[in-house]
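Please look over the sequence and the structure first.

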Amino acid sequence: MASIAPRKRTGATRQRTSTHEGFLTHRNLFWAKLSAALAVALIALYIFVPLPGTHFGSSWLGYTLGTIGALLILWLTMLGMRKRAITPGRWSLKGWTSAHVYLGLCLTVIGTLHSGFHLGWNVHTLAWALMLIVIASGIFGIWVYATLPQALSSNRYDEEGAITEKQMIEALRSLDRQIHDAAQPLDPETATLVGKSLDEDPFAGTFWNRITGTYPKCATRSTAAELRRIRAYRPRIANDPLDKVDALLTRKEAMLGRMRRHLKLKSWLQAWLYVHVPVTFALIAALSAHIVSVFFYW
């Protein structure tokens, strides 16, 4: 009877053709073109329309730009609510996100022109600065979503196909069981050393460790290095249990590295939101103070 070859982990392949249209190129860059045209028109108005030389923000164009900017900021914050609704067509989530990106970039022009380049240590400049921070964090978020998913996907593939995060965890647990069994013949001192790797939590570490992917206190790496030092100063024997433990620790190091790269990439996909969202709320508060101060105390 012919033997049946073991099945690979998945049948997924990295070679695939896609006609997927991203939110940046949605509708042939419609929102990019519209935002660029709006920015050019506003700059032309600012340059060529005669306006008072002081307190530009209180001129008719200043008020117009301020109103457009304030309403646009409030509309841009609605993307989070929009994500909870699923609708196709012109106002699909993809279209809304495309508008969010390009109109958000246009806001740099609107907000800066509204200020008339009169900046100082006051709530008005604070609102402008927070707006720029929100936009800058959004640009970083675009870069993250444009580059990291591919890196995340590449990290999941090996010669056996794709591996999920759950399978990485299962592989680590399986290796720990094999290391535990292989370490049984070792002397107590060496077995205790191996136990440090088995007791290690692969998810332990600070936020900095996770986003940088560096774990200087990795017990598995230090255990493997110490075992190799021990092996270098003892004679080689047949069926030495240290050989098997060393080989298993090498495989665990590789899987840990893969898991930590996976967690690093996932963290970067989320970390920018910890700036973008809170600063957006701070922007709305500063914008409210700016509007109140202009109408009641200017």
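## The largest pocket

Helix H5 gives the most to the lining of the largest pocket, with eight residues. Helices here are DSSP runs (H or I, at least four residues), numbered from the N terminus. The model is predicted: local features need pLDDT of at least 70 and side-chain atom pairs count only at pLDDT 80 or more, while totals for chains, interfaces and linings use all residues. Residues are numbered from 1 along each chain as its sequence is written, and side-chain values use heavy atoms, with hydrogens and water left out.

The largest pocket holds about 810 Å³ of space. A pocket is an open set of points on a 1 Å grid over the protein atoms alone, where a 1.4 Å probe fits, with protein on both sides within 12 Å along at least five of seven lines; lining residues have an atom within 4 Å of a point. Its volume is the space filled by probe spheres set on the points, which are joined across faces, edges and corners. There are 29 lining residues, and Leu76, Leu79, His100, Trp272 and His276 are the closest to the centre. Two or more lining residues come from each of helices H2 (60-76), H3 (79-82), H4 (93-115), H5 (123-156) and H11 (273-297). By class, the lining has 19 nonpolar, nine polar and one charged residues; Ala, Val, Leu, Ile, Met, Phe, Trp, Tyr, Cys and Pro count as nonpolar, Asp, Glu, Lys and Arg as charged, and the others, Gly among them, as polar.

## Aromatic rings

The model has six aromatic pairs. Rings of Phe, Tyr and Trp (its six-membered ring) pair if their centres lie within 6.5 Å; planes under 30 degrees apart count as stacked, over 60 as edge-to-face and the rest as tilted. Phe30 and Trp31 are an edge-to-face pair, because their planes stand at 80 degrees, with centres 5.1 Å apart.

Phe140, Trp143 and Trp268 form one aromatic cluster.

## Cysteines

The structure holds zero disulfides (pairs of cysteine sulfur atoms within 2.5 Å). Cys106 is buried because its relative accessibility is 4%, where buried means under 20% relative accessible area, exposed over 50% and partly exposed in between (1.4 Å probe, protein chains only).
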